[in-house]
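Please open the model in your viewer and keep the selection panel at hand. The tour moves from one selection to the next and says what is to be found at each.

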Amino acid sequence: MSKAPVKVPNCSVKTASPAVEVDVLPVFQDASGKAVVAKNAYAKTLERLRKSAAFTAKFPSTQFLRLAGKGKAESLCLVAMGVEKELASDRIRSAGGHAWARLVAEKADSVAVHLDALVGASGEASALSRATAFAEGLLYGAYQFNEHKSKPVDAAWPKTITFVTKNAKLAKDFAPELKLVLEALRAMNVTRDWSNQPSNTGTPEYYAAEAKIFAKEYGLKCTILGEAEAKREKMGLFLAVGQGSEREGKIVILEHAPAKAKKTLVLVGKGVTFDSGGISIKPSMRMEEMKHDMTGAATCMGAILLAAKLKVPTRVVAILGFTENMPSGTAIQPGNVVAARNGKTVEIINTDAEGRLILADLLDYAHEFKPSAIVNVATLTGAVGVALGKQCCGLMGNDESFMSQVKAAAKSKDEKVWELPCWDEYFEDMRSDTADMRNSCNDSMGGTIRGGVFLKQFIRKGTPWVHMDIAYTGNGVTHIPYFPKKGGTGAHVRTLAALALEMGSDDA
């Protein structure tokens with residue numbers, strides 16, 4: 001059932017440059033708009049390019065030069081960093097992403113990245129952070145989804161990457177950071193693989209089986225609930241979404257439980273393996289993209305795997321709800337009233353507002369783990385794209401302090417988020433004449449906020465909670481150069497792992 005292990009490039013850190021196909025050299029730009037000629041093996045080459053203005057180092061750009069057998073490398077990839085005073089961590093990461101794209105385009109196989117070129121005028125102070133950010137940008141793009149090609153496809157990217165610095169201390173300090181970058185990449189690539197899996201193979205049963213295999217590899221406890229167990233738990237909303245499908249829904253529960261953990265973070269992920277919209281069927285245009293409607297669950301999966309590798313001191317529980325939303329003679333119908341696990345009743349206005357139904361029961365169930373805080377992650381609404389575009393993830397919550405923690409974790413990883421209101425006044429639109437609430441309204445006003453306010457009804461008093469709507473950041477992001485342009489991005493895996501780490505550090 002399981003695929004081959006997640007592959008990443010073979011990386012190392014050395015203090016002497018090896019013989020490789022391509023040397024990668026970051027280059028700054030001076031205030032006059034010309035490339036800065038630093039003291040290194042390529043100073044003469046850079047001086048010629050500076051005089052001719054053939055390469056100005058203006059961000060973002062790269063230049064590839066064939067060296068005709070001169071030196072240890074066959075070719076040179078110059079990576080524009082722009083003016084150093086404008087340098088920020090995400091620009092460095094983005095420059096690494098542009099370098100990766102160029103190396104892939106040139107079909108480079110072995111590469112040496114010269115880290116000392118990143119030091120610039122700042123000296124030793126920022127060398128480690130700059131090296132790490134560049135490595136992140138270079139490596140986070142290392143992904144292709146070729147599983148279903150009729151012929152084996154070998155990823156056309158560098159298989160061997162050597163990070164070179166003459167500074168022995170930087171080499172020593174950077175080596176463990178590089179390992180963390182690679183662990184983040186592995187976790188993100190699990191998220192990407194899951195998100196990209198077509199729904200005829202990526203079924204609830206498939207993800208449950210995959211979760212068991214990864215749980216064993218990462219030392220996690222894994223429990224699988226089927227529909228019989230969901231029925232015993234009175235998860236009426238979860239079961240209602242999947243009742244039109246021939247495939248049985250599955251609830252995957254993963255647990256990272258350090259012996260001395262004082263706090264528990266519960267991650268709840270929406271895992272609709274295919275969303276047709278149900279009886280309220282979607283338009284056919286781009287419906288194939290609805291295989292990605294389980295990216296919330298995939299993101300939580302990547303996050304708990306990374307948290308386990310980081311050995312975060314926080315207990316982390318991931319609850320992933322997998323099911324299909326299909327139209328059939330047994331499908332849930334608009335106007336139906338269904339009881340949730342917490343006893344509240346919901347009138348179904350639109351069967352395409354199904355993600356919140358699944359999450360509602362899972363959020364109530366999450367309280368059984370005595371959480372210090374809950375984060376749910378979901379491709380919940382198209383409306384979040386109207387509000388925020390693809391540039392950031394929408395956040396809603398019920399606790400300012402916890403919301404600040406989530407924002408800080410996202411900022412530490414340069415993953416953009418933006419808070420939307422979650423005021424109780426919005427719930428007035430959700431009230432029903434025949435049940436306690438409706439699952440949607442008949443207009444498009446504030447659709448993202450209404451979705452979040454609906455979920456808020458299933459959070460018990462005193463439990464900090466944040467809802468992340470990743471409908472436009474979970475896949476198909478084109479503005480981030482170190483993410484795949486198509487399919488799952490792996491965004492927010494690092495944010496959630498950082499959150500778990502930070503929550504645990506409060507007790508240190």
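Select S3 and strand S4 (residues 75-83), which pair in the antiparallel sense over five bridges; helices (H or I, at least four residues) and strands (E, at least two) are DSSP runs, numbered from the N terminus, and two strands pair if DSSP finds at least two bridges between them. Within this pair, Phe-64 stands opposite Cys-77 in S4. This is a predicted model, in which local features need pLDDT of at least 70 and side-chain atom pairs count only at pLDDT 80 or more, while totals for chains, interfaces and linings use all residues. Residues are numbered from 1 along each chain as its sequence is written, and side-chain values use heavy atoms, with hydrogens and water left out.

Now widen the selection to the whole sheet, which is open, has six strands in the order S1-S6-S5-S2-S4-S3, and shows mixed pairing. At its edges lie strand S1 (10-14) and strand S3 (62-66), each of which pairs on one side only. On average, and with direction ignored, neighbouring strands of this sheet are turned by 25 degrees against each other; axes are lines fitted to C-alpha atoms, for helices over the stretch in contact, and angles run from 0 to 180 degrees between N-to-C directions.

Contact here means heavy atoms within 4.5 Å.

Next, centre on Thr-162, which is found in strand S6 (residues 160-164). Is Thr-162 buried or exposed? Thr-162 is buried, with a relative accessible area of 4%, where buried means under 20% relative accessible area, exposed over 50%, and partly exposed in between (1.4 Å probe, protein chains only). If its neighbours within four places in sequence are set aside, the residues in contact with Thr-162 are Ser-12, Lys-14, Pro-18, Val-111, Ala-112 and Val-113.

Move along to Lys-166, in the loop between S6 and H4. Lys-166 is exposed, with a relative accessible area of 75%, and it touches Thr-15 and Asp-116, residues up to four places away in sequence not being counted. A distance drawn from the C-alpha atom of Lys-166 to that of Lys-311, 145 residues apart along the chain, comes to 31 Å.

Zoom in on Leu-139, which touches Pro-9, Cys-11, Ile-161, Phe-163, Leu-178, Val-181, Leu-182 and Leu-185, not counting residues up to four places away in sequence.

In H2, the buried residues are Ile-92, Arg-93, Ser-94, Ala-95, Gly-96, Gly-97, Ala-99, Trp-100 and Leu-103, and the helix is followed by Lys-107, whose phi is positive, near 55 degrees. H8 is mostly covered, since 14 of its 16 residues are buried, and it is followed by Lys-311, whose phi is also positive, near 55 degrees. At 1.5 Å a residue, the 16 residues of helix H8 (residues 295-310) should span 22 Å, and its end C-alpha atoms are 22 Å apart, which agrees; the expected span is 1.5 Å times one less than the number of residues.

Go on to Thr-379, in the loop between strand S13 (373-378) and helix H10 (383-388), a residue that is buried, with a relative accessible area of 8%. Which side chain does a polar contact of 2.5 Å join to that of Thr-379? The partner is Asp-293, a polar contact being a pair of N or O atoms within 3.5 Å, of which, within protein, one must be able to donate a hydrogen and the other to accept it, while residues adjacent in sequence count only if both atoms are side-chain atoms.

Finish at the open sheet of three strands in the order S11-S12-S16, with mixed pairing. S11 and strand S12 (residues 345-347) pair in the antiparallel sense over three bridges, and Val-337 stands opposite Glu-347 in S12.
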